[in-house]
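Here is a set of questions to work through with the structure open beside you. Take your time with each one, and try it yourself before reading on.

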Amino acid sequence: MDMSAPEHLLRQTDTDTQETNEWVEALTSVIATAGPERARFLLSQLASSARAAGLNWRDARITPYINTIRPQDEPPYPGGADAIAIEERLAGILRWNALAMVVRANRAYGELGGHIASYASAADLFEVGYNHFFRARSADFAGDLIYFQPHSAPGIYARAYLEGRLDDNNLAHYRQEITAHAKEIQGLSSYPHPWLMPEFWQFPTGSMGIGPISAIYQARFMRYLEHRGLLTTQERKVWGVFGDGEMDEPESLAALSLAAREKLDNLVFVINCNLQRLDGPVRGNGHIVDELETLFGGAGWHVIKLLWGSDWDPLFARDTHGELADALSCTVDGQLQTFAANDGAFNREHFFGQSPGLKALGDLLTDEEIDRLKRGGHDLKKIYAAYHAATHQQGRPVVILAQTKKGFGMGKAGQGRMTTHQQKKLELDDLIEFRDRFQLPLSDSQVEHLEFYRPPADSAEMKHLHERRAALGGFIPQRIAGSTTVPVPAMESYAAFALDADNKEMSSTMALVRMMGGLLKDAQLGKHVVPIVADEARTFGMANLFRQVGIYSAQGQLYQPEDIGSILYYREAKDGQILEEGISEAGAISSWTAATSYAVHGLPMMPFYIYYSMFGFQRIGDLIWAAADQRARGFLIGATSGRTTLGGEGLQHQDGSSHLIAATIPNCVAYDPAYAYELAVIVDDGMRRMLAQQEDVFYYITVTNENEAQPSLPPDAREGILRGLHRIKQCDNAKLRLLGAGPLLKEAIAASTILHEQFGIEADVWSVTSFSELARDGMANERARRLRHADTLPWITQQLGDTDVPVIAVSDYVRAVAESVRAFVPAPYVTLGTDGFGRSDTRAALRDFFEVDARWISYVALHELYADSKTDAEWREIATQLGLDIDKAMPSTA
Ligand SMILES: Cc1ncc(C[n+]2csc(CCOP(=O)(O)OP(=O)(O)O)c2C)c(N)n1
C-alpha cells in the first residue's frame, strides 16, 4: 500500500445512495434488536460470501480519522469536572517548570541542550497516567512499569518537584550532573539513565527504539516469570510512552507480532502522535496515525485512535453526512501541522473554508474557540477513556495513537513550528504568553527569572496530586534495587569436570553448556538461571537442555513434535525455562535485559544469552549499552568466537572485534578464556560478584567450538585468571615471553616448542584471559601513581617483572585488543592479531592467512630477538624453514 498518498483515505464514490442506506439501516436495526454479536456474525458471513464470489474484498485496515471510542461510550471522569480542572492546571504548571528548567540551563550555559516541545505535547498523556493509572510499587503491589519518552524527561522531573521529591537545586542542575555533584546535589540527567540516577529511573530509553522493544520483552518476561511460578505479576501493566517519529526505528516495530502472539494484555503503548519529529513532519504527505494503525492492527494489537477532543464532539454530531470526518481523513499530516502552528482565523479560512458544509460548522465557533479546539491527546476526558479501555482489554496488547500538537501552548514561539524540537530559548514576550495561556500565578518578574513554581501545600492542586499518588501506591518513577540474594553454589558442584579435566578433549562451548546444565540442576540457583538463544541452541550443543528444562511457550505445546521419540526432543512447555527467541538478536538481548532487571521485580535472575559472537556487540551493541546503563547483571556468551577459530564460515560470521567493543563498556567484564578451568573460575566469580555481592557488572565471555585437550586447574591460578594473566609454562633462562589469548594460546604454546626444538630458544608462555581487565587495571594504577594516591603496579607489570625479555602477544581479535596493554608491559612488546575481513577456510589456513599461527609467532619472536643481526637472506631461510610465505599480501588489505 502506498502510505504516502492520501487517496487511500478517500471514500469510494457512492453510485446508489438509496441502496446504501437500506443496507446501513438493516445493519443498524440488527445491532439494535439482536445485538453486536449477531451484527459481527453477519458481517463475517457477508465477507465470506464476498470471498466465495471472488470479490477479493478485505476490510481496509484503516478506520476513519476520528476517535475509536464514541462519546457515549466514555466512562465518567473520576472526580468529574473539578478534577479535570485541577489536573489541567497541574499540567500547565508542569509544562512551565519543565520549560523553565531547560531555558535556565541554556541561559546559564549556551552549550546545554534540552527539549521543551516534546513534553509540552505529552504532558496531558502523562498526567492522566499519573493521576489515574500508573500504579507505584507499594507494600502489597509490585508496581506498573513505565517506559518514558526520553526527551520528555524535564516534565517527569517537574512532576517529581511538585511531589517534593526534587527541589529547586535539583531542577537548577538539569544537565549539570558534574557541577551538581561537586556541590553534593543530585543533578538531573538529560534522559532516563538508571546508571546516573539509580534511585529514580528504571529504564534507559534515550536511544530511540530501545524503549519500545524493551517494553515488549519486559511484559513478556513478566509472563514467563508468572508461568514458571517465580512471580505473581498481579495484573501489573507495562506502559510505554513513545514518539510517533520513534516508531520509524526498526527496533520499535520489531517485536509487535510477538506481543500479539503472546497475548500480552499487560502491555499498553501510548504513541504521542504530534506528527512531528526533529527535522519536520513524520509523514508530511500521509497520516502516521493510519500507518501505525495498519502496522499495529495487522500485527494483532488492539488499536485505539485518540484524535480529537470533546469540543469536536458537537461538530461531529452535526456532521451527518460525514463531511467533517472525510475532510480530516483527507488532510495530510504536514497540513495538520500547519493548522497547529496557526490561529483560529487561519484554521477557519483554510480548514473550515473548504466547503459550504464545513464552513457552516466553523460558523458555530468563534476564532478563539477554533483556536482552542483540542486534539485528543490534550483532552483529559478522552485520554482517560482510552486508558480505561486499554487497561480493560483482554487477550491483546493495546496501542493508543494519541494526536497532539508539538510544543502545545508555546504559541508562535513553538507550537507546531518546524524547528520546535530544538527550541530552548524563549523571548520574554513568549514566556509571558505561555504564562497567560496556562493562567499561571506568576508575576512578570518571576517569569523573566524563570522561577520554578510549586503551589502551596494546602492548594487544591497539591492536595489532589498527593491524594491521587497515595491512591496509586506512591511515586513513580522510582528504582528500588533491593537486596534479595540467591546462594551461589560451589563451582566444584557443577564444574568439577572442568577443574579436573586431566587433558580430556572438549571445546569451551561444550564446557559452558555442561556447566549451565549443572547450574540448572542446582536446588537453589537452578530456577533463577535463564538460558536465552536466538535460534542457535543446536549450533552450541544445547539441544539436551530442550528436554531437561523445556522451551518456554505461553501456550505450552499444541502439536506432537516430529522428534517426540528422541530423548532430546523439541519440548515446548508453559513452564519451560529456555527463552528461544528465534532469529532476532535484538529480541534475545531485550529478553536478557528484562531478565537482568532484579530492580524491577525484586527477584534476582541469572540470564545466560548465548549467541554467535559476531552478532552481538556489532549487531546489537546499542541494546547492550542500554543494558549496561540499566545496571544489568548476567552473562553474555559470545560463542563460535574468534576470527580464525570459526573455520569455514566466512567474513560475516567470524568475529575479530567483539572484545574491542566490550572493553568500551565500563561495567562489562570481558574474558576470552582458553581453557575450561579458566571458564569455570570466571563463571564462578561472575556469579559471586553479581548475585552475592550485588555488583552492577555483567560478564561477556567468548567461547569457541574448537576441541582441545583441557588441562586441570593449576593451584594458585585463580587470581591470575580473574585479573587477566597467568603463567602456564615457565622455563629456565627464558629469552622470550609468549602471551596467548583464548583459542590462540595453543599456537603460542606450539611456538614455544618450535623455538625450543628448531632454534634452541626457551620461551615462557602466559595465558591472557582478559586484555580489557589488564588494561583497566593498568590505567587505574597509572592514574593512582600519577595523582600520588598509591604506588602499586598494574597486574601485568608485576607479573612480567623487572626484566626486558621481549613479550609477544597474540589473540584471535584485531591487534588493537592486545595493543591496549602496551603502556603497562615493562619490556619490548610485539602484538599479533586478526585485522582484516574473515573468509572461509580451515582454521589452519586462516591462521596462516592472518599470520597468527605457531610458525608466524615463532618468526616474529625470532625477529624480535635478532632483527639486525641477520641478513635478508637469512630471514628468508628461516621463513622457508618455518614454511612461511613472507611475500604474501598483508591480510588486512587482502
Ligand atoms: C537512535 C536515536 N537516534 C536519534 C536520536 C535523536 N533524537 C532525539 S528525539 C528525536 C526526534 C523524536 O521525534 P518523535 O519520536 O516524533 O518524538 P517527539 O519529540 O516529536 O515527541 C531524535 C531524532 C535519538 N535519541 N536516538
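Q: Does Arg89 count as buried, partly exposed or exposed?
A: In this predicted model, the relative accessibility of Arg89 is 36%. Buried would need a value under 20% and exposed one over 50%. Because 36% falls in between, Arg89 counts as partly exposed.

Q: Which residue meets the side chain of Arg89 in a salt bridge?
A: Look for a side-chain contact of 2.6 Å, N to O. The partner lies in helix α21, residues 460-471, while Arg89 lies in helix α3, so the pair ties together parts that are 372 residues apart in sequence.

Q: Which residue forms a salt bridge with Lys888?
A: Lys888 lies in the segment after α37, and its partner lies in the loop between α35 and α36, so the pair ties together parts that are 37 residues apart in sequence. Lys888 is partly exposed, with a relative accessible area of 21%. The closest N and O atoms are 2.8 Å apart, and the partner is Glu851.

Q: How many salt bridges does the structure hold?
A: Side chains of opposite charge can pair when their charged atoms come close. Here, Glu706, Glu708, Lys746, Glu747, Arg843 and Arg847 are linked in a network of salt bridges. For the structure, the count is 46.

Q: What charge does the surface patch formed by Asp14, Asp16, Glu19, Glu22 and Glu25 have?
A: Take Glu22 as one of its members; Glu22 is found in helix α1, residues 17-34. At 47% relative accessibility, Glu22 counts as partly exposed. Asp and Glu count as negative, so the patch is negative.

Q: Which element gives the most to the nonpolar patch?
A: The patch is made by Trp23, Leu27, Ile31, Leu43 and Leu46, and covers about 470 Å². The elements that give two or more residues to it are α1 and α2. Leu43 is found in helix α2 and is partly exposed, with a relative accessible area of 46%. The element that gives the most, with three residues, is α1.

Q: How many disulfides does a search of the whole structure find?
A: A disulfide is a covalent bond between the sulfur atoms of two cysteines. Cys668 is buried, with a relative accessible area of 0%, and Cys731 counts as buried at 15% relative accessibility. The number of disulfides found in the whole structure is zero.

Q: Is Leu450, with its positive phi, buried or exposed?
A: Phi of Leu450 is near 50 degrees, a positive value in a residue other than glycine. Leu450 lies in the loop between α20 and α21. At 0% relative accessibility, Leu450 counts as buried.

Q: Is Glu184, which also has a positive phi, buried or exposed?
A: Glu184 is not a glycine, and its phi is about 60 degrees. Its place is the loop between α7 and α8. With 78% relative accessibility, Glu184 counts as exposed.

Q: What distance separates the C-alpha atoms of His350 and His659?
A: Start from His350 in helix α15, residues 344-350. At 37% relative accessibility, His350 counts as partly exposed. Along the chain, His350 and His659 are 309 residues apart, and their C-alpha atoms are separated by 59 Å.

Note on methods: Residues numbered from 1 in each chain as written. Predicted model: local features only at pLDDT ≥ 70, side-chain atom pairs only at ≥ 80, totals over all residues. Heavy atoms only, no water. Patch = residues over 30% accessible without salt bridge, like charges linked within 9 Å, V, L, I, M, F, W, Y side chains within 5 Å. Areas by Shrake-Rupley, 256 points an atom, 1.4 Å probe, with all protein chains shown as cover. Salt bridge = Lys/Arg side-chain N within 4 Å of Asp/Glu carboxyl O. Charge placed at Lys NZ, Arg CZ, Asp CG, Glu CD. Helix = DSSP H or I, 4+ residues; strand = E, 2+ residues; numbered from the N terminus. Buried < 20%, exposed > 50% of the residue type's maximum accessible area, 1.4 Å probe, protein only. Disulfide = S-S within 2.5 Å.
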